[in-house]
2 protein chains.
Amino acid sequence: MGFTTAAMSSPVLFHFPFDPGSRAARLALGEAKLAFEETLVRPWETDCPVRGLNPSGMPPVLQTTHNGKPLTLCEAPAILGWIEDQQKTPLLLPADPAERAEARRLTAWFERLFTDDVNAVLLHERMEKPLLRLGPPEARALRDGRAALKDHLVMLEGLAAGREWLAGRRLSQADLIAAAHLSVLDYFGELPWKSQPALKLWYMKIKSRPCFRPLLADRFQGLAAAPHYADLDF
Amino acid sequence: MGFTTAAMSSPVLFHFPFDPGSRAARLALGEAKLAFEETLVRPWETDCPVRGLNPSGMPPVLQTTHNGKPLTLCEAPAILGWIEDQQKTPLLLPADPAERAEARRLTAWFERLFTDDVNAVLLHERMEKPLLRLGPPEARALRDGRAALKDHLVMLEGLAAGREWLAGRRLSQADLIAAAHLSVLDYFGELPWKSQPALKLWYMKIKSRPCFRPLLADRFQGLAAAPHYADLDF
């Protein structure tokens, strides 16, 4: 992976393309039509530049300026929050208080429950183990992770069947964060779309947005994407 | 624990007093000087009323109204976000963009890293096991949890030594969320305050605020608080 040189005027996003939080930041920057330079990072390597920027050592980190002063935004919530603070009208959080609360509830759901139940198990086996050379995946962990994923998909199918977007009538950060998480799993062929028809329609809709295009070009070392990964009509 | 009847005009907070997220909601409502009724809940019991309100089944949940319509806020981020949305001037998030980003970074730190490293281990042994009757704590888990806590305290000591409040020059949700987490551990006598003098001063400062008083009166079933728990000058 290469490093890009940032123009002084453009924010620089330090991200790992298969980190869901990094993907959420890219999608939010895209929805806000904020141009940015990219520095791809590998957070598990000791010389990863994010280690000098974020105390957690993890992407995403956005380096930008505010009133001419440097401003470093660490972690997806700080980046998404800053993007929303720049808007004249609500973009990532709906104006309606109930939809706003729902977008925040779903954000917490993904950051806490989905991350614990699915990512820490299934993404650990499929993504972290090959990256960190920790050996082949374990059958039991794959099974547990997929069972947990199925429960979350059933919940999301219920939301997608009853609403235009996950938090209500308009797109919100809940959609971007959900799509960030699901798209990583989709690359690895872990999403049984046929069982979730309403969620599939929602995913087709968000996948067709211009902000999504860069994610569809991501490539994981040594592993091709699932065949439908980059298809808008799958 | 009893149920209180809410006046139509007051929001009702469903909370478990030793859940850090519930404590953060109480502290934020207190800082905002928003009166509220309380319903104490035990989320592990099958008839817990939160199960009908929040899909995760977990407190905190705030039931309120907006323009005369009922509004249910699930999870601490939705409650804190709603409180901030009601303010004319910033209260939980500082106005300064760098401090604002720092408050959001630290919020994510507690919700993700502190929860995984400390609460899932040490609070599980000290709090969840007695509540769920899962047997006595395991020595190894206690040791691991305390070692992880120490690392977090060293990080927080560094922040407290260099700043007035954790995210910068003014109190923010980062202080409330950190105090929510640390105060639960403090009840169980798990905080080695002597090793963290700057953090101790910060904690004395936040503990003296009116919003904190109700937390100091909380009592855990069958276990008295650590002797200094409710002392403002400890």
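Two strands are taken to pair if DSSP finds at least two bridges between them. Helices (H or I, at least four residues) and strands (E, at least two) are DSSP runs, numbered from the N terminus. The structure is a predicted model, in which local features need pLDDT of at least 70 and side-chain atom pairs count only at pLDDT 80 or more, whereas totals for chains, interfaces and linings use all residues. Residues are numbered from 1 along each chain as its sequence is written, chains are lettered from A in the order in which they are written, and side-chain values use heavy atoms, with hydrogens and water left out.

In chain A, strand S1 (residues 12-15) pairs with strand S3 (residues 61-66) in the antiparallel sense over 3 bridges; within S3(A), Leu62(A) is the bridge partner of Leu13(A). S1(A) is also joined by 4 bridges to strand S2 (residues 37-40), and these two strands run parallel. Here His15(A) has Leu40(A) of S2(A) as its bridge partner. Between S1(A) and S2(A) the chain passes through helix H1 (residues 20-31), a β-α-β crossover that is right-handed (with the strands pointing away from the viewer, the path from the first strand over the helix to the second runs clockwise). Val12(A) and Phe14(A) point one way from S1(A), and Leu13(A) and His15(A) the other way; all are buried (under 20% relative accessible area, 1.4 Å probe, protein chains only).

Chains A and B contribute 27 residues each to their contact (heavy atoms within 4.5 Å). The buried area is about 2,000 Å², with carbon and sulfur atoms giving 65%; this area is the accessible area (1.4 Å probe) that two parts lose on being put together, summed over both. Of the area that chain B buries against chain A, 26% is supplied by Arg104(B), Arg105(B) and Arg112(B), more than by any other three residues.

The interface holds 6 salt bridges (a side-chain nitrogen of Lys or Arg within 4 Å of a carboxyl oxygen of Asp or Glu). One of them links Arg104(A) to Asp85(B), with the closest N and O atoms 2.9 Å apart. On the side of chain B that touches chain A, strand S4 (69-74), helix H2 (76-86) and helix H3 (97-132) each supply at least two residues. H3(B) gives the most, with 13 residues.

Elsewhere in chain B, helix H6 (residues 197-207) has buried residues that include Leu199(B), Trp202(B) and Ile206(B). Among the elements covering the buried residues of H6(B) are helices H4 (139-162), H5 (173-187) and H7 (213-216) of chain B.

Methods:
Buried < 20%, exposed > 50% of the residue type's maximum accessible area, 1.4 Å probe, protein only.
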